[in-house]
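Trainee: I would like to learn how to read a model like this one. Can we go through it feature by feature?

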Amino acid sequence: MLHQPSSFADADTPRRFAVLGKQLPFAAVFGALIMALVLWEEGSGGLPDAAVIAFGVNFLATMLAAVVPWQLLPRWTEAVVPLLDMVAVVWVLTIGARATVLIVLPVLWLARMGRVGAVTAIVTGICASAGVDVARAVDAGVLVITPDNAARLFIIPAVIIAVALVLHVSERRSGARRDLLAGQSALVEELLEETSLDRARLEGVLNTIDAGVIVLDPAGTVAIINRAMRDATSGDIAAGTPLTDLSARLYAPDGSTPVSADRLERVARGGRVEREVVWWEHGPQDRSAYRVSAGPLPGRDGAGEGSVVALHDITDELLALAQREDFVSSVSHELRTPLTSVTGYLDLALDDPELPERVAGYLSVAERNAARLQILIDNLLTAARTRADSGSWEPVDLREVVDDVVESQTPRAEDRRITIEVTGGGSCVIRGDVGRATQVVDNVVSNAVKYSHAGGHVHVDVSGPGHGPGQRADRVCLTVTDDGPGISSEAQQQLFSRFYRAPEVRGTVVQGTGLGLHISRQIVEALGGTITLSSEPGKGTTVAVHLPVGEPT
């Protein structure tokens, strides 16, 4: 069965016009040939019958090309038209007209109709070219080759074979390219559809979560913003908004220092932000607090393609925390006044020389517990003040603070035969407050001394920038290591919580309120630093405090 691969032109043009378009060039040339024969034979008795038949066959082929609804028929039926054209040429050749070259046009048509079409073109083309001469040779009983028929017998068939093969191969390659392009086009459409679907899914996910999310392009402008972010910022952020334009509405955790445009530009370039607190100003008296995290958006070959910023609204949390701190502070103040009175009267009672020994013993127990209660109240007040009061920072030499604390803890350590070793190097000036820095160091070192085994060892290292393993260039590091019982991984998750004491020490004689590490973390974070604890049961505990470097005094 003849088959002609569809082309782009055929796809856009009705087949009826496509077939007629292929036929018209041949019909025009053949019509001109017939007109030439009419003029040639005008003085010799009229046009031969063979020429009339040839014209009729060509006219029939042209009419078929024009009126047949080819779009309703199989593709191979088009071969009827070029085959009729060959028949018309053969009739012209029978009267001796030199029109063999016209066979090439229907051969071109048939050669484009697949492998069977190419074979048909070669066979029918050779037969049409040499058929008349072969028939005459059969009648005469001898084939005489003359310059007149040599072209029809040899040259034209060779041309037909070459043209048909070349055109067939070219058509197959074109078909393969069309199929490849069609496949690639389908693949691109599928990828575009999948990309569109993935984007819709991503937007659906982003619009569902309650955290505000924006995606920044490499230029630092907003590319994607989810519903929560639009709602949180009252629509002030939209796609195309530069991140640096938001600096006028963003404030640092203290609520008064504006976030600089340079800081936002670093974030836009892919700078990381880990759970920092900022305030967003909606209006003169309307602000919301957010916990911000940001990071780079990876692209091809590891190059950044922007960044992602996520905001969590913590306004209610901060307000609840402030209310809790106010409550603790108020209660502690209210407790301190009567407790001071109780302690004073206990001291007066104990100073009475006529006090019976038994009663004095009872009052001494009451005084010790009142003292413990006083310490607990002082710690509560300290914890409440630390978060609310940012303090007035000044340069503090942390090494001097460590030396003073170690000196004060030495008598207690000597009572239990514990040695305290102090090491370190470099400038250890921090930006902070002497009182609070002393409270942190005292809490950490006293814990190490309290919980170390008798006869144990406490190592205190205070190092300036660049003098410790993995030390940051803008941090002073204090590390305190003991050889106590250690702490389980489960308990380590809660050690910085208020009033928490690890199970390993609850049953021991060592007294504590569970506020030391909590207060220390509050102070360290207020100073802009970090405090971490690592431990393993039976192998001691290490506490590391990193504080910002201050200007030397």
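Trainee: Is Arg201 buried, partly exposed or exposed, and at what relative accessibility?

Mentor: Start with the cut-offs: buried means under 20% relative accessible area, exposed over 50%, and partly exposed in between, using a 1.4 Å probe and protein chains only. Arg201 has 53% relative accessibility, so it counts as exposed.

Trainee: What should I know about the model before going on?

Mentor: This is a predicted model: local features need pLDDT of at least 70, side-chain atom pairs count only at pLDDT 80 or more, and totals for chains, interfaces and linings use all residues. Residues are numbered from 1 along each chain as its sequence is written, and side-chain values use heavy atoms, leaving out hydrogens and water.

Trainee: Which residue forms a salt bridge with Arg201?

Mentor: The general idea first. Side chains of opposite charge can pair when their charged atoms come close. Here a salt bridge is a side-chain nitrogen of Lys or Arg within 4 Å of a carboxyl oxygen of Asp or Glu. The partner of Arg201 is Asp198, with the closest N and O atoms 3.9 Å apart. Asp198 is partly exposed, at 45% relative accessibility.

Trainee: How are Asp198 and Arg201 placed in helix α7?

Mentor: Helices are DSSP runs of H or I with at least four residues; strands are runs of E with at least two; both are numbered from the N terminus. Asp198 and Arg201 are three residues apart in α7 (residues 147-208), so about one helical turn separates them.

Trainee: How many salt bridges does the structure hold?

Mentor: Nine. One of them joins Lys539 to Glu536, with the closest N and O atoms 3.6 Å apart. Lys539 is exposed at 63% relative accessibility. Glu536 is partly exposed, with a relative accessible area of 43%.

Trainee: Which residues do salt bridges with shared partners join into one network?

Mentor: Lys22, Arg75 and Glu78. Within it, Glu78 pairs with Arg75, the closest N and O atoms being 3.3 Å apart. Glu78 is buried, at a relative accessible area of 1%.

Trainee: Now strands. Is β1 enclosed or open?

Mentor: In a regular strand the side chains alternate between the two faces of the sheet. For β1 (residues 212-216), five of the five residues are buried, so the strand is largely enclosed by the rest of the structure. Gly212, Ile214 and Leu216 cover one side, and Val213 and Val215 the other.

Trainee: How does β1 run relative to β2, and how many bridges join them?

Mentor: Strands of a sheet pair through backbone hydrogen bonds, either parallel or antiparallel. Pairing here requires that DSSP finds at least two bridges between two strands. β1 and β2 (residues 222-225) are antiparallel and share three bridges. Ile214 has Ile225 as its bridge partner in β2. The hairpin has five residues between the strands, and Gly220 takes a positive phi near 85 degrees.

Trainee: What is the strand order in the open sheet of five strands?

Mentor: It reads β8-β10-β11-β13-β12, with mixed pairing. β8 (419-423) and β12 (530-535) are at the edges, each with a single partner strand, so one side of each has no neighbour in the sheet. β11 (residues 475-482) and β13 (residues 541-548) run antiparallel, joined by eight bridges. In that pair, Leu478 has Val545 as its bridge partner in β13.

Trainee: Where is Arg417 found?

Mentor: In the loop between α12 and β8. Arg417 is exposed, with a relative accessible area of 58%.

Trainee: One more helix. Which residues of α9 are buried?

Mentor: In α9 (residues 261-268), they are Leu264, Val267 and Ala268. Seen down the axis, these buried residues fall within an arc of 100 degrees, so they line one face of the helix. That arc is taken from the directions from the helix axis to the C-beta atoms. Gly270 follows α9, with a positive phi near 110 degrees.
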